[in-house]
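Welcome! Have the sequence and the 3D view open as you read, and take your time finding each part as it comes up.

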Amino acid sequence: MSLLAPLALLGAALVGPLIVAMYLLKLRREDRPVSSTFLWRRMVRDVEANAPWQKLRRNLLLLLQLLLMLLLVFALARPFVAAQGISGTNLIIILDRSASMGATDELPNRLEAAKQRARQLVDQLPDNGRATIIAAGGEMEVPAAATSDRRELRQAIEGIQLTNNGGSDLGQALTLASALAARDADSEVAIISDGNVTVPAELRVPARVSYFPIGRSTENVALSTINLQPSLAGQTLFVQATNYGETIVNRRLDLYLDGAVFNAYGLTLEPGRDQSIVVELPAQVQVVEAHLAGEDALAADDRAFAVSSVGDTVQVRLVSDGNRFLATGLGLLRGIAVTEVPAATTVFPESVVQVPVTILDGVVPPELPAGNLLFIGPLRSSPYFSVTGEIEFPVVRPLGGDELLRNVSLSEVSILKAARLVPGNWARTVVDSDGAPLLIVGEREGRRIAVLAFDLRNSDLPLQVAFPLLLSNLMDFLAPGSGAEGAQILPGQPLAFQVDETITEVRVRLPDGSTMSSRNNEVQIQGGQAIFAATSSLGVYLVEEFQGNELIAQRQYAVNLFAPSESRIASQRDLNIAQASGAQSTVSRERDGRQEFWRWVALIALIILVIEWLVYQRNGLSYLRERWRERRSAG
């Protein structure tokens with residue numbers, strides 16, 4: 001135990017003697033002659049007792065007053081004990097609320113244990129301290145900012161809820177924490193998490209960072225993949241389970257077809273290994289649910305859903321002078337219906353059903369068609385980009401990490417020449433070169449746009465495996481929600497799909513049975529595309545399109561938690577975060593923080609004060625008690 005204000009103890013040396021002196025130095029009375037002392041013997045004894053510097057007799061009031069004085073002085077000295085926690089006056093708490101924090105190895109779950117730890121840190125704040133609460137995981141939130149109101153801080157912590165969205169990227173939260181910490185030299189950042197997070201390597205936090213790990217278990221089995229594809233016999237279902245733990249696990253996989261039990265499969269999973277099943281299903285099956293029977297620490301990844309894409313096709317208009325490579329590549333993609341239009345076409349009248357995607361191969365018509373656009377080898381500028389010349393033998397430099405390059409390798413691609421593109425600020429570069437970008441994508445005016453700077457016939461890309469894969473990824477971007485892969489989305493990923501201009505209302509039925517509608521602006525419709533962003537719940541979403549009161553079309557989408565970083569629940573003991581002091585470790589040691597308890601001392605002092613008052617007033621209280629008894633007996 002230590003004291004923050006030890007000089008306050010000097011008060012005991014000053015006040016204590018004064019209290020004792022009040023009992024030693026009594027009032028001196030005058031001497032008066034009397035005829036007899038027989039009746040004054042008691043008064044004489046009282047005079048002797050009140051003479052100065054008499055022997056101090058035992059007195060309960062004196063003891064209580066001295067004890068009260070000592071307690072008050074001790075409280076003013078602000079005693080504290082060393083504890084695992086924080087010591088700064090400007091505390092920034094980053095609380096992880098991602099899916100892995102729903103693991104039940106801490107009771108009732110990791111998130112509630114993290115909230116309890118956050119409340120303890122708030123209680124450790126000094127009287128002049130303040131705190132900011134940042135909820136990380138998915139979309140970052142700041143429920144309380146730079147406040148010393150402990151009630152507000154506790155309410156902010158209590159209001160944080162578990163989310164399945166977006167994983168556990170701490171980049172945005174740490175960037176904000178760094179900006180807040182830079183304003184106060186006595187700042188400290190506290191991260192409360194299980195450590196299954198992504199930390200930006202280039203960030204240096206200008207304050208001390210303490211990490212408080214949550215979680216004990218490492219054992220978890222998850223459904224990591226589910227896919228339902230059309231086949232010649234009907235549909236083919238692929239389900240994969242992964243053991244993220246450290247021991248061999250036996251689990252049962254149950255399959256439900258449209259809500260009815262279909263079959264069960266026994267799985268024996270080695271640590272860190274996968275096991276999968278492949279099943280042929282009838283074409284009329286609409287929804288498949290896979291469920292791992294039994295229990296483990298994380299229940300969110302024990303269920304997965306797949307929806308049928310049989311009969312779903314996306315209309316694609318190809319404006320070209322006859323490109324065999326492009327026609328063949330599109331023909332290999334499931335769920336794509338291609339309509340070829342001559343390159344000389346300049347007017348694109350829309351039928352009752354709008355064409356969602358148009359591919360402009362080597363042409364840029366004066367009036368662009370509606371819907372999403374893919375430009376290939378443009379020869380002149382358009383409203384979305386400029387062409388300022390040509391690049392010969394450009395070096396292909398893919399920018400890693402983009403979803404459009406998923407499973408695509410362009411390292412061996414050779415290009416004869418490409419258009420020198422100058423993109424607008426709407427675009428992001430996916431494939432770059434020395435002179436100008438080779439592939440850009442983005443959104444503008446409610447439509448999705450992709451531009452491939454070179455003619456396919458001026459490269460060897462169509463001869464490589466990367467070509468159909470890149471084409472498939474581009475179509476997934478331009479026609480979101482198409483095909484079996486389009487019907488599978490991650491939590492928090494916007495659900496986007498094409499709608500015709502004649503559609504008057506779009507409704508989305510959530511897994512819990514509630515309904516969202518475009519009439520209430522819960523579903524946004526813009527530029528022939530409907531977007532629904534509230535996809536945090538796991539399960540099947542039903543989309544319905546209406547013309548007036550008539551149901552025109554409906555489709556289902558599945559949202560699953562396929563996130564290895566969340567299913568791998570083993571808690572990390574330390575985080576590697578660069579700090580301004582040069583430290584990298586974030587382990588919070590046992591004596592890092594202090595827990596003050598002067599409030600409890602002050603409470604005891606208040607109790608002693610009440611007892612002292614009762615002792616001092618005991619005669620009066622006895623009198624009042626007797627009067628009350630007399631009145632009660634008389635009544």
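Predicted model: local features only at pLDDT ≥ 70, side-chain atom pairs only at ≥ 80, totals over all residues.

Begin with helix α7 (residues 324-331), which packs with α8 at an angle of about 70°, their axes 10 Å apart. That angle makes α7 roughly perpendicular to α8. The crossing of α7 past α8 is right-handed.

Which residues make the contact? On the α7 side they are F325, L326, G329 and L330, and on the α8 side F467, L471 and M475. Sorted by class, the contact of α7 with α8 holds 6 nonpolar residues, 1 polar residue and no charged ones.

## A sheet of eight strands

Next, look for the open sheet of 8 strands, ordered β17-β16-β18-β19-β25-β24-β23-β21, where the pairing is mixed. Which strands stand at the edges? They are β17 (336-342) and β21 (397-398); each has a single partner strand, so one side of each is left without a neighbour in the sheet. Helix α8 (residues 466-478) packs on this sheet and touches β16 (314-320), β17, β18 (357-361), β19 (372-376), β24 and β25. The direction of α8 makes about 155° with that of β25.

Inside the sheet, strand β24 (residues 439-444) pairs with strand β25 (residues 447-452) in the antiparallel sense, over 6 bridges. As background, strands of a sheet pair through backbone hydrogen bonds, either parallel or antiparallel.

Now turn to strand β11 (residues 249-257) and strand β12 (residues 260-269), which run antiparallel and are joined by 9 bridges.

## A sheet of three strands

Another open sheet is formed by 3 strands in the order β27-β31-β30, with antiparallel pairing. At its edges stand β27 (495-498) and β30 (524-526), each with a single partner strand, so one side of each is left without a neighbour in the sheet. From one strand to the next, the twist averages 20°.

How many bridges join β27 to β31? There are 4 between β27 and strand β31 (residues 529-532), and the two run antiparallel. F497, for example, has A530 in β31 as its bridge partner.

## Details along the backbone

Between β3 (90-96) and α4 (110-123) lies a loop that includes E106. The side chain of E106 reaches the backbone nitrogen of G215 at 3.5 Å. Leaving aside residues up to four places away in sequence, E106 touches A113, I214, G215 and R216. P108 is placed in the loop between β3 and α4 as well, and the peptide bond from L107 to P108 is cis, with omega near -5°.

Finally, visit A146 in strand β5 (residues 141-147). A146 has a positive phi of about 45°, although it is not a glycine.

How values were computed: Residues numbered from 1 in each chain as written. Heavy atoms only, no water. Polar contact = N/O pair within 3.5 Å; in protein donor to acceptor, adjacent residues only side chain to side chain. Contact = heavy atoms within 4.5 Å. Pairing = 2+ DSSP bridges. Axes fitted to C-alpha atoms, helices over the stretch in contact; angles between N-to-C directions. Parallel < 35°, antiparallel > 145°, perpendicular 65-115°, else oblique. Left-handed = near helix turned anticlockwise from the far one by under 90°. Nonpolar A, V, L, I, M, F, W, Y, C, P; charged D, E, K, R; others polar.
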